[in-house]
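Visitor: I have a model open and want to learn how to read it. Please take me through the features in turn.

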Amino acid sequence: MTREQYAAQYDTQAEALYRFALLTLGDDHEAQMAVSDAFKMGLMAISQEVGFDMQVGMLTLLWKRCALAGHIDPPSCYHTLCAATSQGEALSTLWWDERGMLLLWALFDCDDMETARVTEQPVTRVRHRRQMIVARLTTRETCVGMGI
């Protein structure tokens, strides 16, 4: 993949990547920094990898960057999440990695295998986490509304 192809693909996914970061971290500044850093890391990765998978690759880089800012606890991001989505109240009850996994499924339609690749966790753990996350949400309508 050339730098130009990477930039063109990034442009088509930039809004979804930002939304993922914002809803995962619950902080606008941290989300912007995470997407920017992931984009830069992706540019370096495409020069080293043959067949860079844009969606999984960018999501993996963004996931790792979000992990650096994952110290933001649910109560502090409540207002940002509520303003960003109708499911913000339910999302604010989850930790960053739980929101991140939920958003991988809802925004990017990642299956358990893709989620395992992005988060670098075993598929069995991803499946278990999905069950735990859904069980923790306050209402079943939240899960249905997010496509889970």
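Visitor: Is Arg 125 buried, partly exposed or exposed?

Guide: Start with the cut-offs. Buried means under 20% relative accessible area, exposed means over 50%, and partly exposed lies in between (1.4 Å probe, protein chains only). Arg 125 has a relative accessible area of 41%, so Arg 125 is partly exposed. Arg 125 is found in helix H8. Helices here are DSSP runs (H or I, at least four residues), strands are runs of E of at least two, and both are numbered from the N terminus.

Visitor: How far is Arg 125 from Asp 112 in sequence and in space?

Guide: They are 13 residues apart in sequence, and their C-alpha atoms are 9.4 Å apart.

Visitor: What kind of model is this, and what are the ground rules?

Guide: This is a predicted model; local features need pLDDT of at least 70, side-chain atom pairs count only at pLDDT 80 or more, and totals for chains, interfaces and linings use all residues. Residues are numbered from 1 along each chain as its sequence is written, and side-chain values use heavy atoms, with hydrogens and water left out. The pLDDT is the predictor's confidence in each residue, from 0 to 100.

Visitor: Where in the chain is confidence lowest, and where is it highest?

Guide: The mean pLDDT of the chain is 76, and 72% of residues reach 70 or more. Helix H9 (residues 140-145) is lowest, at a mean of 50. Helix H7 (residues 112-119) is highest, at 89.

Visitor: How many helices and strands are there?

Guide: The chain has 9 helices and 0 strands. Of its 148 residues, 47% are buried.

Visitor: What share of contacts joins residues at least 24 apart?

Guide: A contact means heavy atoms within 4.5 Å. Among contacts between residues at least 6 apart in sequence, 65% join residues at least 24 apart. Gly 57 is found in helix H3. With a relative accessible area of 13%, Gly 57 is buried.

Visitor: Which residues touch the most other members of the largest nonpolar core?

Guide: A nonpolar core is a set of buried Ala, Val, Leu, Ile, Met, Phe, Trp, Tyr and Cys residues joined through side-chain atoms within 4.5 Å. The largest one has 36 residues, and Phe 20, Leu 62, Cys 66 and Leu 104 touch the most other members. Two or more residues come from each of helix H1 (3-25), helix H2 (28-48), helix H3 (54-68), helix H6 (96-108), H7 and helix H8 (123-136). H1 gives the largest share, 8 residues. Now take Leu 104. Beyond four places away in sequence, Leu 104 touches residues including Phe 20, Leu 59, Trp 63 and Thr 115.

Visitor: Is Thr 115 buried or exposed?

Guide: Thr 115 is buried, because its relative accessible area is 0%. Thr 115 is found in helix H7. A polar contact is a pair of N or O atoms within 3.5 Å; within protein, one must be able to donate a hydrogen and the other to accept it, and residues adjacent in sequence count only if both atoms are side-chain atoms. A polar side-chain atom of Thr 115 lies 2.9 Å from the backbone oxygen of Asp 111. Thr 115 also touches Met 101, Trp 105 and Val 126, among others.

Visitor: How many aromatic pairs does the structure hold?

Guide: Rings of Phe, Tyr and Trp (its six-membered ring) pair if their centres lie within 6.5 Å; planes under 30 degrees apart count as stacked, over 60 as edge-to-face and the rest as tilted. The structure holds 3 aromatic pairs. Phe 20 and Phe 108 are edge-to-face, 6.0 Å centre to centre with 70 degrees between the planes. This pair links helix H1 to helix H6, 88 residues apart. Both Phe 20 and Phe 108 are buried. Tyr 6, Tyr 10 and Phe 39 form one aromatic cluster.

Visitor: Where is Asp 109 placed?

Guide: Asp 109 is in the loop between H6 and H7. Asp 109 is not a glycine, yet has a positive phi of about 55 degrees. Asp 109 is exposed, with a relative accessible area of 64%.
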